[in-house]
Amino acid sequence: MQIFTAGGWDRLRSWFPEREFFMRSDGQVRFITVTTRMQMIAAGALAALVLVVLGTMGATAFSQYRAASERIALADREAHVAQSETRLADYRDDLAHTTADLEQRQAYLEGMLDMLPEDIVAEVKADAATDSGAESEKLISMIRDSFPEAEGLARIEARQLAFAEGLTRYADRRATRAEAAIRKLGLDPRAMQRASAAAMGGPLETLSSEADGSLDPRFERLGLSLARMSALERGLDSIPQVMPADMNLISSGFGPRSDPFNGTAAMHSGLDFRGALGSPIHAAADGRVSFVGVRSGYGNVVEITHTSGMITRYAHMSRFNTRVGARVDAGDVIGAIGSTGRSTGPHLHFEVRINGRAVNPRPFLETAPDVLEEARAEFAGHRGATHRG
């Protein structure tokens, strides 16, 4: 297949004209000719090297991106049911140690339960199905025959494992629903998870489910599932879903328009809501206030940072009702409509920016409430079915 025409080759060769260099040494002059072919070979080698470097960087970034999902997959593979024969040996060899293991597991589970609403705990307890049920019954039967005094402990262990597995399934179901809702809104759930993981810190407090300080793979899998669920649901809550002002009073949409001051074509990077001076402005989503002050052209501005590089901007305000660093919930009043900055009259200019790029806020504001209501209704319906069953 011919990649370049004759004219194309001529243009390419014109970039690398033959060059001559001379070197003077001990009174002698030497001429070195660098041909067009040599220059093209060197340029090709350099281009190949750049591609290799970029490919390596891309592979590194991809491997980092896969790290979180691989951790869950690895934990899934490792979270197999302990063989009943092995567990029976543990009971026989050191009953006191086994008892300490179960006490530590109970403390681990209670710590998890403290973070969950009561109705969720009730649903998980009602879900009696368990991956380890058959193996647990086998263990209980073996202990009943050969070590009857430990049967009570074995039954406690079976209930703990059943609860941990039920809670894992519950977290995975909620995470899957949240992920589907985020995708439906045109956003990347993986980016939201990464953003949530990046915004963490604090002292190291390692978790353990065993008396020796280790963590059973089934309990590790539980922790990963709960963390994924939490990150995705926080991401859902941070998507613009509440109208910052009256939707019926939108006076200018997102996109090209005639500038109201000089009449020239200009890009309008948000939505304008007209309103009476002093009318309340509401936060469109959960987040943290990252800026309160004056920006050129915008006048008085509040900016709220959400997950995955998203911010919402509220401009031309007449007053502020918040401060930098404050946590706000969707619907909170953060200020009042004004006409500060480059404005022809009282209105709110509202923007959504993702990684610094302005995007149309309207699809979020009009679609997100229905998508979120559907996701929450699906969850409530599942919970009701579980309770009825």
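Trainee: Where does His-316 lie?

Mentor: His-316 is in the loop between β10 and β11, and β11 covers 317-320. Keep in mind that this is a predicted model.

Trainee: And what is the phi of His-316?

Mentor: Phi there is near 65 degrees, so we have a positive value in a residue other than glycine. His-316 also counts as buried, because its relative accessibility is 4% and the cut-off for buried is under 20%.

Trainee: OK, what about Asn-355, which loop is that in?

Mentor: Asn-355 belongs to the loop between β14 and β15, with β15 at 357-359. Asn-355 is not a glycine, yet it has a positive phi of about 50 degrees.

Trainee: Is Asn-355 buried or exposed?

Mentor: Exposed: the relative accessibility of Asn-355 is 65%.

Trainee: Switching to rings. How many aromatic pairs does the structure hold?

Mentor: The structure holds 1 aromatic pair. Tyr-314 and Phe-350 form it, with 5.2 Å centre to centre and 50 degrees between the planes.

Trainee: Why does that pair count as tilted?

Mentor: Planes under 30 degrees apart would be stacked and over 60 edge-to-face, so the 50 degrees of this pair makes it tilted.

Trainee: Next topic, charges. Which ring does the charged end of Arg-295 sit over?

Mentor: The ring of Phe-291, with the charged end 3.9 Å from the ring centre.

Trainee: Zooming out, how many helices and strands does the chain have?

Mentor: The chain has 10 helices and 15 strands.

Trainee: And what share of the residues counts as buried?

Mentor: Of the chain's 389 residues, 38%. As for the surface, the chain exposes about 21,700 Å², and carbon and sulfur atoms supply 56% of that.

Trainee: Last one: what about contacts across the sequence?

Mentor: Take the contacts between residues at least 6 apart in sequence: 68% of them join residues at least 24 apart.

Notes
Residues are numbered from 1 along each chain as its sequence is written. This is a predicted model: local features need pLDDT of at least 70, side-chain atom pairs count only at pLDDT 80 or more; totals for chains, interfaces and linings use all residues. Side-chain values use heavy atoms; hydrogens and water are left out. Rings of Phe, Tyr and Trp (its six-membered ring) pair if their centres lie within 6.5 Å; planes under 30 degrees apart count as stacked, over 60 as edge-to-face and the rest as tilted. A charge sits over a ring if NZ of Lys or CZ of Arg is within 6 Å of the ring centre and within 35 degrees of the ring normal. Helices (H or I, at least four residues) and strands (E, at least two) are DSSP runs, numbered from the N terminus. Buried means under 20% relative accessible area, exposed over 50%, partly exposed in between (1.4 Å probe, protein chains only). Contact means heavy atoms within 4.5 Å. Accessible areas come from the Shrake-Rupley method with a 1.4 Å probe; for residues, only the protein chains shown count as cover.
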